[in-house]
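The exercises below are meant to be worked with the sequence and the 3D view side by side. Try each task before reading its solution.

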Amino acid sequence: MTVAQQPEALNFECETGNYHTFCPISCVAWLYQKIEDSFFLVIGTKTCGYFLQNAMGVMIFAEPRYAMAELEEGDISAQLNDYEELKRLCLQIKRDRNPSVIVWIGTCTTEIIKTDLEGLAPKLESEIGIPIVVARANGLDYAFTQGEDTVLAAMANRCPDKAPVAETEKNERNAIAKLLNFGKKKEDVAQDESEYVNHTPLVLFGSLPDPVVTQLTLELKKQGIKVSGWLPAKRFTELPVLEEGYYVAGVNPFLSRTATTLMRRRKCKLIGAPFPIGPDGTRAWIEKICSVFGITPKGLDEREAQIWAGLEDYVKLIRGKSVFFMGDNLLEVSQARFLIRCGMTVHEIGIPYMDKRYQAAELALLEKTCQEMNSPLPRIVEKPDNYNQLQRIYALKPDLVITGMAHANPLEARGINTKWSVEFTFAQIHGFTNARDMLELVTRPLRRNNNLKDLGWDKLVREEAKI
Amino acid sequence: MKLAYWMYAGPAHIGTLRIATSFKNVHAIMHAPIGDDYFNVMRSMLSRERDFTPVTTSVVDRNVLARGSQEKVVDNIIRKDAEEHPDLIVLTPTCTSSILQEDLHNFVERSQLEAKGDVMLADVNHYRYNELQAADRTLDQIVQYYIEKARRRGELPEGKTEKPSVNIIGTTTLGFHNNHDCTELKRLMADLGIEINTLIPEGASVNDLKKMPKAWFNLVPYRELGLTTARYLEEQFGTPYVDITPMGVVETARCIRKIQQVINAQGAEVDYENFINEQTLYVSQAAWFSRSIDCQNLTGKKAVVFGDNTHAAAITKILAREMGIHVVWAGTYCKYDADWFREQVSEYCDEVLISEDHGEIGDAIARVEPSAIFGTQMERHVGKRLDIPCGVIAAPIHVQNFPIGYKPFMGYEGTNQITDLIYNSFTLGMEDHLLEIFGGHDTKEVITRGISADSDLNWTKDGQAELNKIPGFVRGKVKRNTEKFARDRGFKEINAEVLYAAKESVGA
């Protein structure tokens, strides 16, 4: 590296870690919906339960497949036996819901009182006959979306290591399918196989809504790449086969533990690519996967250009505007990179945790994007301090602050536009198809402003902000 | 261990935070792991706060587990003191700090040496108290702290105010319709010629607390919050308190008569009977409603009631005593104060139900099949499932229970609001029932389901499957747009790829 390049490099900082985010047990909310035959048991206190109940909003009333194992004073002081207590609750869950897997979510409390969940699970599993997966998704160690990472890392160990011999069984299933489809399916299958290039099996990891799974799978299919499986699958019983030497690729930036587990424990090869968020990210993601399999990507130029053309009405609203990420869900770097490509300036990327190895390709793309767009390199602030950030926001006056709900209304009242960051984790933002949805969210406060701009109601607090 | 899907009252620290953030210029510092500051989100979202919620966390992470908090808590207190100059910082323990058993008292004492404001440790044990009990205790603790402080400095005022005056104790942030109740109570006091001495904790400054002994009496409108404080003030200064919730016509009158008795005993010589009569007969519409044929039609209809002590008891009495409705059972989740509830409602309902288990409540509703439910958000959803209308009368509540419009539950305007709530719940159910009998408004299907017969396009199985994943309310539009897209480009078949291509091209 030459001296001249030094100031060009990304600037990483670390603050006090005094920031607002969701507790990682919130991953239960989307994972129980994704994995249809699962049951999530959060072993914690009223505090955890209260958070989930409020964070999940209306979902809580729909008989969710999750519950709290609420610890009482007797559990803390070890007057009650953990194993017996858990057995009683798990048997009740088995009786009432009959799930294919029970996921235990360890919390801060089980960490502090050192409940040996990993030790108890195999014993109880063999006694009650339901797989028990342990994920220690607690607020002592992790933030928000990292909860999914701990669950998927634990699931990775449960993926079958050999394709079931059942070639015949598969044919049989096909036979039934054929019957149901009056033989139509047969052509599809034969045709399907020939559309793919012969490559080492590829498994993708990261929980996404089913429509997005379909979209990304079809996107790779256009390049002749077959997705052999997806971690997690729709059902626990359908977890993908992971043999030594398989390729794996992540779809979300917060999955570093899962990636590590897949490499070290399952001996898979990780394709380190930028994440398929925004048309630029999706293209880079596909190109990287193609390059690993020695495939020359087809039609990506046109496809990306076409998507950008379709986004122009939104892009012109944000071009030249500035954005500040307070940081709470680890999607920040990918989002910032996409928005810089849209012509925005990024003041700061706050992020709870930065895995420079797992995000290496994404960080490289961020740097490259900044250079190409002639945009200053943003500072990346790990473990931010929300109080300090607010001072910087007042000084910088960004056009948009992407932040948690704790700060959103107070900032709006002070005339600063905000977008609530949690929406990005629940909205569909991956792939070419959903780039528009992401910009729909980003531009919403600006479009709202266009509607209200002549009213003179920007600042709605009496005295100047104290905090 | 207890299998729990839903809880009615939150954990203890929520109660403490509700008190701390209700005061002006008081800051709470939670000793908690990342993510436990969810209170800020709730306050900012539910009550649509314009200001930052004055709560920060002194984060408990791995390092704290290994070495203890050491200087961290003290540093955080001193830093906040310097940044925002609060009058008081309340160090708030959580379930995590309850088991870590760090000497938080010591941290408070050490930081007090440097901090300009006051510092205090909220004395609540997570495993012994719930949100409501903790709020009651914390309020008492803060009041005692400032009374004692004033006493030490000789700053306690002598004697009472010249005119009859009151401390209204117990309206807080995130309390069910508390801000509207507060306005209504102030109006009622003004009508009665009573001055407001202090109003705590919502909107009060801790520096005003030393004024509390000057009031002639204390009014505690909510059963759950403020009684401990009122009892302390009675014991210290002999200040009597009125703890009758002025909710419903009869109870409001009872509360006013009690106030009359209490201040006349101190030489006020007031007579509120005319006022009560005038309000009851002509200002509040509730008494007239009881006579009207609308209410007559409700006679003997079955209802169930569930909520916190204050609201469930008051609504039960209103239904039974003021409207002639048959309350099959009334229940509360305030188990720790169940005797009071039983005593209040026993003569007004067939059965009393004390439980924190929403499953048990749901079953009890299904069993009696009432015409209307009055409960929390949870009972509203049970009602949805069973097709029974529900009026929400108590926390836990959602953002729609923080209305911007003026909707008190207390005082004479409160009786009007409650009448609407009750009557609308019952008629809504009756209308639905009638509609069903006559076969509904409109029997035609609005959106064609599946593949329409005249379509020349064929949806493949995967295309249809993807279409089905699209939420119902936009599916018709997506289907039409996709078919138009396919027709324009001459596709014969619509599969998932075509569907998404259409989405990309037209934003369908």
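Two strands are said to pair if DSSP finds at least two bridges between them, and the strands (E, at least two residues) and helices (H or I, at least four residues) are themselves DSSP runs, numbered from the N terminus. The model is a predicted one, in which local features need pLDDT of at least 70 and side-chain atom pairs count only at pLDDT 80 or more, while totals for chains, interfaces and linings use all residues. Residues are numbered from 1 along each chain as its sequence is written, chains are lettered from A and ligands numbered from 1 in the order in which they are written, and side-chain values use heavy atoms, with hydrogens and water left out.

**Exercise 1. Strands across two chains**

Solution. As a point to check in the view, A:Ala69 stands opposite B:Leu3.

**Exercise 2. The interface of chain B and chain A**

Describe the contact between chain B and chain A by its residues, its area and its polar pairs.

Solution. With contact taken as heavy atoms within 4.5 Å, chain B gives 61 residues and chain A gives 86 residues. Buried area is the accessible area (1.4 Å probe) that two parts lose on being put together, summed over both; here the value is about 6,500 Å², and carbon and sulfur atoms give 59% of that area.

Next come the charged pairs, where a salt bridge is a side-chain nitrogen of Lys or Arg within 4 Å of a carboxyl oxygen of Asp or Glu. Eight salt bridges are found across this interface, and a salt bridge also joins the side chains of B:Asp51 and A:Arg414, at 2.6 Å from N to O. On the side of chain B that touches chain A, helix 2 (residues 38–46) of chain B gives the most, with six residues.

**Exercise 3. Strand 12 of chain A**

Which strands of chain A are joined to strand 12 of chain A by four bridges?

Solution. Strand 1 (residues 11–14) of chain A runs parallel to strand 12 and is joined to it by four bridges, with A:Glu13 having A:Val381 as its bridge partner. Strand 11 of chain A is likewise parallel to strand 12, with four bridges between them, and there A:Ile349 has A:Ile380 as its partner.

**Exercise 4. Peptide bonds and a backbone angle**

Where do A:Pro232, B:Pro396 and B:Gln70 lie?

Solution. Take the proline of chain A to begin with: a cis peptide bond joins A:Leu231 and A:Pro232, with omega about 0°, and A:Pro232 lies in the loop between strand 7 (227–231) and strand 8 (247–250) of chain A. In chain B, the peptide bond from B:Ala395 to B:Pro396 is cis with omega near 5°, and B:Pro396 is placed in the loop between strand 14 (390–392) and helix 18 (411–437). Finally, B:Gln70, a residue other than glycine, has a positive phi near 45°, and its place is the loop between helix 3 (62–67) and helix 4 (72–84) of chain B.

How values were computed. Polar contact = N/O pair within 3.5 Å; in protein donor to acceptor, adjacent residues only side chain to side chain.
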